[in-house]
Structures are given as structure tokens and as C-alpha cells.
Amino acid sequence: MTELDNEDDSESIDSNIELNVASTSLASIPSLEIPSTQNITITIDDESRKVQFMIDQLLAMSDNFLTNAHKLVVGTCNKSGLITYNNMIELSIKALLMILSKYNRHLNPALESTICLRLATIVFEETLSLELADTYVNRAIDISTRNNLLGIRFEGESLQARILQRSNMNMVTLYLQDKISFYESMGIPEFSIWFQFLKVYHLLNVDVSAGLIALHNLLSIPMLHPILRSYGLMFEANLHLLRGSPHQALQHLQYVDNISIKQLQAMKLLTTFNAYIQCNDSTNGKLIMNELSTFVMKEQNNKWKGWKDNGTFSFMIKVESINTEYSHTIEWIGADEFIIIFYYLTGIHLLSEAANGKKKAYKVFSKCQQIISQQLKELTFLNSEFPTGSKRKLSIGQLDHKIRKLKYIQYNIDYYKAWIGFLNSEFKDIKYLNQFMTDFNGCQHDNEDQLIFDALLPKVYFMFAIYYQSMGDLQVAKYHYMKVINLVSDKSKLNLNLNLNLKLNIPVEIHDMNFGISNISMRGNNEFNDLYVYSNLHLLILIQFEIRQVTNHDKIQIYHSLSSHILQNLTKCFTPRTTSNEFTSNFISSNELLNITYRLILSIFNDQLPSNLLLQDIIKCVEKISIDSCYPFITNLMNYIAYISATDVYHKNKFFEKCLSVMSNSSGTDNDKTLSIFILRSLIEHFRSTGENDKANMAELQCQYFCNGLSDKFKFLFNNIDQT
């Protein structure tokens, strides 16, 4: 576009600015700290100095209107607050428009292009008027290009890429590649590299495979700024975590060092903590948890100096070829969100202790939800009195996204609380998941919410499947497992991409990944999604169980066909990757217990005892399992399998002693009691063979006690088998 004519933009602009609500009289705006010229008598004789004074005043007024709007942002949850906020934004815009219309001939190219860029930024970030933002960013780019102001041109083109992300996503890749080539030809690699970062962001939101390749290529550039390299490595690590490859994430994180920026230090600690949690490494996880605790205490003592509400932090990058520096800003999370994620991950880290009767995880989750509730109460200020003393400084878009993320974490905590209950045969917390489904099915979420909350649906359906399976309702359980598999398959991703992602153009960056939020294209599907693998395993077990119970020949054939299809899915998941592409590896390769579980299931279905190699792997695994990192049920199950499978006297006796401990336990979940029945039957056989009849009789009594307690459940289960 060409530069606009010097018309009175401030008079004609109102119809082009699309704010959130129609503006009202300026009399409704409360008293604020805004520079006023009403009582100022200008006695400056020099005309140019008078003009400069007015320009300075209008610039200050624009900044102050914008700053005060952000201070009042928590009031936008009610109509009057939203109107006031929009009026403040409109005044900020008009102050800049007045400079461009009345004092344009007094502006030098640098100042005029800077004002146009500032105006375009406010319009883009605070209104829905993308065309107007595009008009002024193009004006800034035109002026800076004609006058060889490369720094301003670079900032303008960066903003234009963001505008295209919303207005015309199909043009973004071509636009960014053009800028990359231009600045490479100009010998300014610092600018070219930044546009490569923007290209990575864009591709990861629309074509994750291309985005992963672009990110990998970017990080291989030798002259990449150390801070950008660290940020990029952590971005890549978070992508690996989203796609279920924690060991790959840890490999990247070991190259992130010598970080001076506090936010990047915090980012590395959180990402490392998350990786160790996914690796089920409780020892290193505890070490990082303590480091995070120390970090939080230190920052609290420093009153979180340098942390901003909007989560941004800046650093300078020197551009050697034009002998200048420019400030680069990265958006992450604020101090309040950092603490919430710390509590959230700590709760997940402590989950393995929940089945041991410890309540740390539940308490941590409750504390985290308490903090979130306080945050939401502050951020969704609904009182009639308009808040003028809020310490928050956010744009309305940042506020909206912050609220969504906090609600997302709240729902996730409800999920994990329900899981803790399930581990102890308590199902009262499932009511929160039912409420989530009621809200979701009742269209309580808007389109942007749907992109975020769709990530929760597979978790909720998986929890429902586990619930119904534990109740013995196999048909409903199978239905929900199938729902999970369909939701996290590549086919589902394609449909959602077409229907939502490309339509809404909502980018997701690293600060969202720390919340577990990812764009549809980023999410791990099929073998890269743990719920896909676990749902297929559970479904296979249920179907194989039914095959052994049904008598209808046609039904058996249907079950065999479905079982064969699921086995194909699992074979693809568990087949080792031979390619050098690190993004083809998944969490299965680093999960020894899961691999053993799968191999055992195959042995059982083939009516075979574990092979010697599998038995050796079981013994190695059970010997190094820590009670802090594994549920008691898993430990007891592994001990039992090792006992009945061992062929040498040493291991037979060793695991026999461990199985004996079951005789002293008369409680536990239904799963624990079911396993106890199998163990006790083996012990009865052993005691009878050694002539220890008293012990055998005691074991029989205990076995009968467990059988009686589970009889109703198994009666319902067998009656629930579909014979038709």
C-alpha cells in the first residue's frame, strides 16, 4: 500500500475501529492520571517548540490512556467497565491520529513511522480492526523503507506477519520466507533469524512436521544468539513432552546453560521437572522440585522484581552490520502463573504416593485450586463499584487468555483429583468431570475455548472408561475407550484442523505448552499419545476377556476382527523406530514398565508363560522399582508374576517372601483384592505341597473373604457380557 494522504484521520477513524462495545460519553470515565493541557498557558515564542510540545503531550497522553486502560482491565467483566476500557483505548488511538493529521508536516520520517507503528500495534492488539492495523503498519513500512530506517522497517514487518496470522493465514509462510531472504541478502542475519523464529511458530500451528524440521534447522545456525538458542531448545523440549518423548526433552535441556534471565531459568526448571515426571523418575524429580521451591522463595524475597503481569521479558540483541541494538521481547508467564504451574506439577509428581495412603498430592492440588480461585476472583471483577486501584496491567486479550488458562488448569486438577479417588476406590470426585461434560455439551465454551478444552475431552472420556470398567460395566467402558481412541487419532486431528484451527487462526506458544495447552497440530496423536496406547491396551484386554466368555460364533468372529485391528494399532506403537529423526520416537521407548506390560499381555493371550528373556526383564524391573515411584498394586503384581514364572530356586524363594506380605493385608481397592485372590491361590498350592496345612487353611479363609466381597461385582460383570 502507499502512504496515506494527510487528511484529518482523527475525524474519520471512528467508523473503522471495531471495539468490543459501542463507546459512550467520555463523562463516564473515572478520574485518572492523564496529562491535561486545559490550564496550561503556553508562553513559548518559537513556533517549532510549541509544535514539539504538543506532539510530546499527545504522545504522553496516548501512553497514559493505554496504561490506565490496562490498569482497569479487571473491570471489563461487566458492561460499564468494558465501555470505559474501550473509551480509554479509543482516546489512546485518537491522540496518535491527531499527531498524524495536525502535525504531520512537522514530523521527521523516523518519528512518523514510529507513531504509525505504535498506532498499528494498539489497533491490532486492542481492537478487531485488522484492516486499519494493516493500513498503518504499511504506512510505517513505506516511510522506513524510503528513508532506509531498517530497524523500524523490521519491527513493522514483524507486526505485519502477526496481522497476516489472523487475517490471511495462507499468505504467512510466503511472507516470512520473503523477509528471511531479504535480510539474508542485506547481510543482517539477526533480523533474518527472527523471521525464521516466526516461521517456526506459524508452521507448528498449521503443519507440525514442517515446523519441527524448521525448528531443528534454526537451532543448528552457529551464530544464533545464546538467549534465542536457549529459548529454542526449551521450545523443542516442550514439543517433545507434548508428543510423549521425555528423554528427548532432557537431552535438549542439558544444552541450556549460563542463563542470566530469571524467566528462562524458571522455564528450564519447570520443563525439566515435567520431563522427570513423565519419565517416572521420582529421585531427580524431587531434586528439581526442591530447586524450584528455593527459586520461588528467592523470587518472593525479591518481590518478583522483573516479572510482569503479562509474562513478557526483554533482552537486547546487537546487530553488527548496522551497528545498533534492538530490544527483543518474549511472552511467557507471570509470577502468579509460574507458582500455579509449580503447584500443579508438584501434585502430579506426588500422585504415585496417593495409592500408599498419603494425601500430599490431594493437598497440593487443593492449594493450587485455592490459588486459582483467588486469581479468577480478582481477574473476573464483577462488583458494581469500578476498580481503580488494581495492580494488574494487562490488555483485554491477555486477560481473556489468562482466565482461559487458569480454568483449563482447574479442570485438569479435577481430573487428577478424580484419579486419586479411583486409586482408593472412591468415586465422589467424578462429579466434577460430569460438570465439565455438562458445560462442554451445553456450549458453555466459545470457539477459542473449544481449541483449548478439546485437549481435556480424551482425559475425561478415559476416566469415565476406567470408572465403568471398575464397576464391571464392560460395554459402557468399551464405548468410552473407543471415544478416546477416535479423539486422539490422526483422522480426528485432520477434521479438527479443517473445522477449527485454520478457521480461528489461534497461535499457541511456549507459555501455553507449560500449561499443557497445545494447538491441534502440535498434539501427539496415535502412538505419540499415551491415552491412545492405554485405551487400546484396555480395550484389547476387555475384548479378549469377552472372547473367552461368549458362545455366539458370529459374535466371536466380530470380536476377533476387532482384536486383530487393535493389535495392529499396538504393534505400530511398540515397534522400535529405526530412523534418525528424533521426533519419530515416542514415550513407549522410555517406559520400561509399559513395554513389559504389553509383552505380558501378549503372552497371556497366547496362553504362554513369559519367555526367559521377559522373565529376566521382569526381575530387573521389579528389583529397581521404588515404592515412591510406583503404585503398590503394580509392585505386588510384578512380584506375583516373577514368583509364578521364576524357574530357579533363588528367585522363586525371593519373590515368594514378597508375596507372603499379601496375607497380612485385608483391605485395598477391588484391583488389590482381585490380585490378592490370585496370589493367595498360589500360596495355598505352595503350603499344601510343603505340608503347611495351617497356613494353607488361613490363606483359604482370606481368599474366600476377598471372593465374597467381590462376588456382586463379578456377577454383574459376567451378566454384562454382550452375547447377542
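**View 1. D400 and R404 in helix 16.** D400 counts as partly exposed, at 32% relative accessibility. The model shown here is predicted. The partner of D400 in a salt bridge is R404, and the closest N and O atoms of the two are 2.8 Å apart. R404 has a relative accessible area of 8%, and because buried means under 20%, R404 counts as buried. Both residues belong to helix 16 (residues 396-423), where four residues, about one turn of the helix, separate D400 from R404.

**View 2. A salt bridge between R688 and E700.** In this pair, the closest N and O atoms lie 3.1 Å apart. The bridge links distant parts of the chain, with R688 in helix 29 (residues 670-689) and E700 in helix 30 (residues 693-719), 12 residues apart. R688 is partly exposed, at a relative accessible area of 35%. E700 is partly exposed too, and its relative accessible area is 35%.

**View 3. A salt bridge between K695 and E692.** The two side chains meet with an N to O distance of 3.2 Å. K695 has a relative accessible area of 43% and is partly exposed. E692, at 28% relative accessibility, also counts as partly exposed.

**View 4. A network of R153, E157, D178 and K179.** Here salt bridges share partners, and in this way the four residues R153, E157, D178 and K179 are joined into one network. How many salt bridges does a search of the whole structure find? The search finds 18, including the one between D400 and R404.

Terms used: Residues are numbered from 1 along each chain as its sequence is written. This is a predicted model: local features need pLDDT of at least 70, side-chain atom pairs count only at pLDDT 80 or more; totals for chains, interfaces and linings use all residues. Side-chain values use heavy atoms; hydrogens and water are left out. Helices (H or I, at least four residues) and strands (E, at least two) are DSSP runs, numbered from the N terminus. Buried means under 20% relative accessible area, exposed over 50%, partly exposed in between (1.4 Å probe, protein chains only).
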